[in-house]
Amino acid sequence: MRERAVIGVDIGGTKTLCALINERFKLRQYFKFKTSPPDGRPKFMQELGNSIEMLKRRAAREHLEVVGIGLACAGKVDSETGKIINAPNVLWLEGFQIGRALKRATGLNSVMGNDVQLALEAEHQLGVAVGCSNVLGVFFGTGVGGAALFNGKLYRGASGAGGQVGGILAHSLGGADTPESHGTLDRIASKAAIAGAALGMGLKQWAPHLYREVGSDLSKVTWGALARARKKGDRHIEDLVRSRIRVAAITLSSIINFMNPEMLVLGGGLTEELPQLVRSETEVGLRDYLEPEVKAALKIKTAQFGNRAGAIGAASLALKKFS
């Protein structure tokens, strides 16, 4: 009997990662491509289909039987039908029956879950949070994603959105309407929020190294570009990122005091590029706001799997479903 494998797919706001993972959770190969191509959904599905077919060929060479696909996507999804109900970071995928489309394109069945929830489950099953019962995960990416574990089980809430932190108010500027509320964590510490502020600094020549790399093109202000600008000496960029993470941590302190978790797992693209900075500023932001007994029990860790956590979590979901 051949060893089984699955393909884990993490559809992010910026990039999509497709990974071939065997039943022992060994990553055999992966591909990445831009999530938002100029031609929208048709081009995206072409890229996704091509990546999956290449991974299937790799599986055949290694005598692995691919039994299904696991999908991780930001927003609200229907895990049974494979429908993306809402996707705040990839609006053109909203309402899309991606599971059905993949079945036609690849012949494989799929199962789907929220990206951050699956990423936290991957860290709980295989990564830094193994053995922990109560965990909060915060992922600084295209948006600020969150997920929580209570008593060893993922907290989904009444409608599947449990654990999300991006909409938490740091201050109430802008009112209750989320798209207009500049006081939410998403409007403070997401890629769009930090990149926009960084671009302004570049245009004002406060961040000359960043300006030389990206000019006036916001789409080029990636987490990697910010990390390179900081390394080259753009102090204003470092101050910007530090201040935004510190505010995020202060805001999260209320949730952490309420949860009393054993661990806070920090992930996402920003954490992967600047792990020490994100962790240290989170510690600084939390320091004066946590109750003593909460602080004593809390460990702060960066995600072991980095940007692969969502794909690994999706693969785990698929192995449970199709094995």
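## Loops and helix packing

At 43% relative accessibility, Leu169 counts as partly exposed; on this scale, buried means under 20% relative accessible area, exposed over 50%, and partly exposed whatever falls in between, with a 1.4 Å probe and protein chains only. One thing to keep in mind is that this is a predicted model: local features need pLDDT of at least 70, side-chain atom pairs count only at pLDDT 80 or more, and totals for chains, interfaces and linings use all residues. Residues are numbered from 1 along each chain as its sequence is written, and side-chain values use heavy atoms, with hydrogens and water left out.

**Loop residues and a buried threonine**

Leu169 sits in the loop between β11 (153-154) and α4 (186-189). These labels come from DSSP runs, numbered from the N terminus: helices are H or I with at least four residues, strands are E with at least two. Along the chain, Leu169 and Leu252 are 83 residues apart, yet their C-alpha atoms are separated by 9.7 Å.

Glu80 is another loop residue, placed between β5 (76-78) and β6. With a relative accessibility of 59%, Glu80 counts as exposed.

Is Thr271, by contrast, buried or exposed? At 3% relative accessibility, Thr271 counts as buried. Thr271 belongs to helix α9 (residues 269-273). If you skip the neighbours within four places in sequence, Thr271 is in contact (heavy atoms within 4.5 Å) with Phe140, Leu266, Val278 and Thr302.

**Positive phi**

| Residue | Phi |
|---|---|
| Phe25 | about 60 degrees |
| His63 | near 60 degrees |
| Gln205 | about 65 degrees |
| Gly107 | about 80 degrees |

Phe25 and Gln205 are not glycines. Phe25 lies in the loop between β2 and β3, and at a relative accessible area of 28% Phe25 is partly exposed. Gln205 is in the loop between α5 and α6 (208-214); its relative accessible area is 44%, so Gln205 is partly exposed.

**Helix α1**

Helix α1 covers residues 41-61, and its 21 residues at 1.5 Å a residue should span 30 Å; the end C-alpha atoms are 30 Å apart, which agrees. The expected span here is 1.5 Å times one less than the number of residues.

Which residues of α1 are buried? They are Phe44, Met45, Leu48, Gly49, Ser51, Ile52, Leu55 and Ala59. Those residues cover an arc of only 165 degrees around the axis, which puts them on the same side of α1; the arc is taken from the directions from the helix axis to the C-beta atoms. An α-helix has 3.6 residues a turn, so residues three or four places apart point the same way. Pro42 and Arg61 are exposed on the face turned away from the buried side of α1. The buried residues of α1 pack against β1 (3-11), β2 (15-22), β3 (27-34), β4 (64-73), β7 (96-97) and α2 (98-106).

Helix α2 has a buried set of its own: Ile98, Gly99, Ala101, Leu102 and Thr106. Their arc around the axis is only 160 degrees, which puts them on the same side of α2. Arg100 and Arg104 are exposed on the other side of α2. The cover over the buried residues of α2 includes β1, α1, β4, β6 (83-86), β7 and β8 (110-114).

The axes of α1 and α2 come within 11 Å and cross at roughly 50 degrees. That makes α1 oblique to α2: angles under 35 degrees count as roughly parallel, over 145 as roughly antiparallel, 65 to 115 as roughly perpendicular and the rest as oblique. Axes are lines fitted to C-alpha atoms, for helices over the stretch in contact, with angles from 0 to 180 degrees between N-to-C directions. At the contact, Phe44, Met45, Leu48, Ile52, Glu53 and Lys56 in α1 meet Ile98, Ala101, Leu102, Ala105 and Thr106 in α2.

**Helices α5 and α8**

Helix α5 (residues 191-203) and helix α8 (residues 235-259) pack at an angle of about 155 degrees, with their axes 10 Å apart. That makes α5 roughly antiparallel to α8. Making the contact are Ala193, Ile194, Ala197, Ala198 and Met201 of α5, along with His236, Ile237, Leu240, Val241 and Arg244 of α8.
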